[in-house]
Amino acid sequence: MQSQLDKPAVEQAGLYDEDFFEWTCRNAELLRAGRFEQADIEHIAEEIEDMGNRDLRALDSRIEVLIAHLLKWRFQPEKRSASWLNTVSVQRASVARLLQRYPSLRRKIEPELAGNYEFAVRRAAIHTGLPKNHFPAECPFTVEQFLDPEFLP
């Protein structure tokens, strides 16, 4: 009788869609056993890429929230609150932890900044009631500024 691990890679690939948990267990065993020809290499590569993208999405999300709150702080000074300050602090700490764990993410901040800023402006406009065009067209803060624990606009 054929072991589940002895199934060809094409059958392992079918399992990917049918039972992802079982697929992960089987492919981990195959890799540990050095049976690469039976492993679902294409899906394994996709999953590894997705893991990296998950961390990048987390970084982008934190930066978006951080910039939105810095915009709110700058453009609605009369509504500044401890809650806003706390959010800025928490987001900066979270970004710092991500960058400490995954230093190569730092090189993604600048290329992703325009898109993150666009979403931050949308968020800030909703929260403040100000029109989107009230905010600068480009991010008014440098990466060093918005990551600096002491910086407030």
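User: Where is the place of Leu70?

Analyst: Leu70 sits in helix α3. Quick background: this is a predicted model, in which local features need pLDDT of at least 70 and side-chain atom pairs count only at pLDDT 80 or more, while totals for chains, interfaces and linings use all residues. Numbering starts from 1 along each chain as its sequence is written, and side-chain values use heavy atoms, with hydrogens and water left out.

User: What makes a stretch count as a helix, and how many does the protein chain have?

Analyst: Helices are DSSP runs of H or I with at least four residues, strands are E runs of at least two, and both are numbered from the N terminus. By that rule the protein chain has six helices and zero strands, in the order α-α-α-α-α-α from the N terminus on.

User: How do you know whether the chain is spread out or a compact globule?

Analyst: The radius of gyration is taken over C-alpha atoms, and the globule rule is 2.2 Å times the number of residues to the power 0.38. For 153 residues the rule gives 15 Å, whereas the protein chain comes out at 22 Å, well over that, so it is more spread out than a compact globule. Its C-alpha atoms fill a box of roughly 75 × 30 × 25 Å along the principal axes.

User: Back to Leu70: is this residue buried or exposed, and how do you know?

Analyst: Buried means under 20% relative accessible area, exposed means over 50%, and partly exposed is in between (1.4 Å probe, protein chains only). Leu70 has 0%, so it counts as buried. Contact means heavy atoms within 4.5 Å. Not counting residues up to four places away in sequence, Leu70 touches Val88, Arg92, Phe141, Phe146, Phe151, Leu152 and Pro153.

User: What about His69 and Asn116: what are they called on that scale, and why?

Analyst: His69 is at 8%, so it counts as buried. This residue is also in helix α3, and beyond its neighbours within four places in sequence it contacts Trp84, Thr87 and Val88. Asn116 is at 6%, so it counts as buried too. Asn116 belongs to helix α5 (residues 106–128) and contacts Asp60, Ile63 and Glu64, leaving aside neighbours within four places in sequence. Asn116 and Ile63 are 53 residues apart along the chain, with their C-alpha atoms separated by 6.9 Å. Across the protein chain, 37% of the 153 residues count as buried.

User: Which label does Pro77 get, and why?

Analyst: Its relative accessible area is 42%, so Pro77 is called partly exposed. Pro77 lies in the loop between α3 (41–75) and α4 (82–101).

User: What makes something a pocket here, and which residues line the largest one?

Analyst: On a 1 Å grid over the protein atoms alone, a cavity is a set of points where a 1.4 Å probe fits but cannot get out; a pocket is an open set with protein on both sides within 12 Å along at least five of seven lines, and lining residues have an atom within 4 Å of a point. The lining of the largest pocket includes Glu110, Tyr117, Arg122, Lys132 and Cys139. The pocket's volume is about 190 Å³, meaning the space filled by probe spheres set on the points, which are joined across faces, edges and corners.
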